[in-house]
Amino acid sequence: MVLADVLSNTGPADAKLGSFFRQHRELGNKERGWIAESVYGVLRRKSFLTYVAASEDPRRLLVAWLVRIQGSSLRELDELLNKQQKEWAQAIKAKPTEDLSLAVQADLPEWLWQRLSAQYGEEDALAIARSMHKAASLDLRVNLIKSNRDEVLARFASEKAAAEATPYAPTGIRLPQRMSINRHPFFTDGKIEVQDEGSQLLALLVAPRRGEMIADFCAGAGGKSLALGALMRNTGRLYAFDVSEKRLHNLGQRLKRSGLSNLHSQVISSENDSKLKRLNGKFDRVLVDAPCSGLGTLRRNPDLKWKQTAEDVAELTAKQGAILARAARLVKAGGKLVYATCSLLAEENEQLVEAFLAAHPQFKLLNAGEILAQQQVKLDTGHYLKLLPNKHETDGFFAAVFELTT
Ligand SMILES: C[S@@+](CC[C@H](N)C(=O)[O-])C[C@H]1O[C@@H](n2cnc3c(N)ncnc32)[C@H](O)[C@@H]1O
């Protein structure tokens with residue numbers, strides 16, 4: 001059972017589902033959609049479902065998801081369930097839930113609930129956690145090298161797809177329901193890319209200008225690199241670094257569609273790779289989209305909340321500090337450095353930035369709200385950019401912008 005495999009926490013849920021579907025080519029789109037929805041549905045509400053099912057057995061959790069989250073009636077399930085499962089369903093339906101702990105209501109492991117509630121307060125932490133019980137919308141970025149938002153919106157309207165402009169990012173389009181976009185002609189032509197509005201805003205915060213030298217230090221599969229390249233209108237030079245050859249290879253595929261020719265990707269062995277030496281002090285802007293706990297992306301990756309531990313976070317913060325310190329040396333005098341994560345935890349965000357500033361007095365913190373205003377984005381979350389799924393309908397993101405003053 002693929003759900004049991006995913007719940008075993010031995011690898012990323014999306015990879016496991018992908019391999020399950022490759023082994024079961026007989027399954028149609030509708031069945032695949034249902035399987036993915038139920039697996040992700042159980043992962044999102046695992047604490048609550050374990051409570052009402054009084055068990056961690058994957059089959060019982062699935063019945064609990066049907067009864068308590070999907071709201072299926074026992075009559076509707078009559079043909080689907082065997083005798084024993086019907087008994088589970090009855091008990092699950094009758095189970096009272098007035099006494100749920102806040103961690104179970106948030107559907108977070110205890111350690112994570114403790115941290116988030118200490119940081120945001122119980123009410124806000126619960127609102128944030130609950131907003132991530134839902135699946136994310138499908139956000140697209142229009143590639144201004146090849147199209148514009150009006151053209152793409154008109155095309156979706158002609159296809160009766162409920163697409164709308166995203167509230168903050170000027171190139172964003174939101175489709176409330178997930179749909180398969182990979183074969184859409186606008187996608188294959190490179191007119192649109194899949195990208196959360198939060199990521200689009202991060203590229204705007206880097207604010208690259210035509211002709212500049214830009215580095216995307218943790219480029220991965222290049223979501224932000226491609227957005228940066230488009231903002232540079234294909235001028236200047238953009239370096240995409242990463243330690244993962246596989247991710248940079250995926251960037252290569254996306255690059256072909258994008259029409260960009262200013263992007264140069266480079267695998268590095270670590271942040272201390274000697275290849276970086278000759279580039280010290282050369283960049284106008286450097287983005288560090290650091291490897292992080294990913295706890296702001298639980299709408300898409302609900303498995304992360306059950307996988308990450310407090311020890312993992314401590315290890316990550318050490319890595320983030322080392323990467324940021326090395327990337328900082330690439331910045332030229334007067335240049336900008338942007339540190340970003342998709343985490344909600346202060347130790348990966350504000351605390352990390354404060355430690356960086358204390359150790360690097362030559363950098364000063366700039367106001368993210370002001371930079372976005374200069375980019376015509378009406379979103380002011382103060383000195384730091386802090387996006388929250390319950391407030392902004394994006395993934396949770398954090399970013400800080402520094403300027404090298406000497
Ligand atoms: C948050 S992801 C980047 C996502 C990417 N920027 C995007 O928009 O799609 C973090 C990336 O950091 C990379 N990474 C991990 N350690 C690194 C290091 N020491 N130096 C550079 N990149 C590193 C990972 O391989 C991963 O691709």
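# Close-up views of a predicted model

View 1. For "binding site", an unreviewed UniProt entry lists Asp242 and Asp289. These residues span 48 residues in sequence, yet no two of their C-alpha atoms are more than 10.5 Å apart, so they gather at one spot. As in every view here, the structure is a predicted model, and the record's listing should be read alongside it with that in mind.

**View 2. Asp242 and its surroundings.** Asp242 is found in strand 6, which covers residues 237-242. Because 23 other C-beta atoms lie within 10 Å, and 20 or more are enough to call a residue buried, Asp242 counts as buried. When its neighbours within four places in sequence are left aside, Asp242 is in contact with Cys218, Ala219, Gly220, Arg247, Leu248 and Val267.

**View 3. Asp289 and its surroundings.** Asp289 has its place in strand 8, which is made of residues 283-289. With 26 other C-beta atoms within 10 Å, Asp289 is buried. Leaving aside its neighbours within four places in sequence, Asp289 is in contact with Cys218, Lys224 and Ala340.

View 4. Four strands form an open sheet in the order 2-3-1-4, and their pairing is antiparallel. The edge strands are strand 2 (164-165) and strand 4, each of which pairs on one side only. Strands of a sheet pair through backbone hydrogen bonds, either parallel or antiparallel.

**View 5. Strand 1 and its two partners.** Of the 5 residues of strand 1 (residues 138-142), 4 are buried, so this strand is largely enclosed by the rest of the structure. Strand 1 is joined by 4 bridges to strand 3 (residues 172-175), and these two strands run antiparallel. Strand 1 is also joined by 3 bridges to strand 4 (residues 192-194), again in an antiparallel arrangement. For Arg141, the bridge partner in strand 3 is Gly172, while in strand 4 Arg141 stands opposite Glu193. Val142, in turn, stands opposite Ile192 in strand 4.

**View 6. Helix 4 under its cover.** Helix 4 (residues 46-53) is mostly covered, with 7 of its 8 residues buried. Those buried residues are Lys46, Ser47, Phe48, Leu49, Tyr51, Val52 and Ala53. What covers them includes helix 3 (29-44), helix 5 (58-69), helix 7 (83-94), helix 8 (102-106) and helix 16 (304-307). Just after helix 4, Ala54 takes a positive phi of about 50 degrees.

**View 7. Asp380 in a loop.** Asp380 lies in the loop between helix 19 (368-374) and strand 11 (385-387). Is Asp380 buried or exposed? Because 12 other C-beta atoms lie within 10 Å, and a residue with 12 or fewer is called exposed, Asp380 is exposed. Asp380 and Leu66 are 314 residues apart in sequence, and from C-alpha to C-alpha they are 40 Å apart in space.

Technical notes
Residues numbered from 1 in each chain as written. Predicted model: local features only at pLDDT ≥ 70, side-chain atom pairs only at ≥ 80, totals over all residues. Pairing = 2+ DSSP bridges. UniProt positions renumbered as here; feature names shortened; annotations may be inferred. Contact = placed C-beta atoms within 7 Å.
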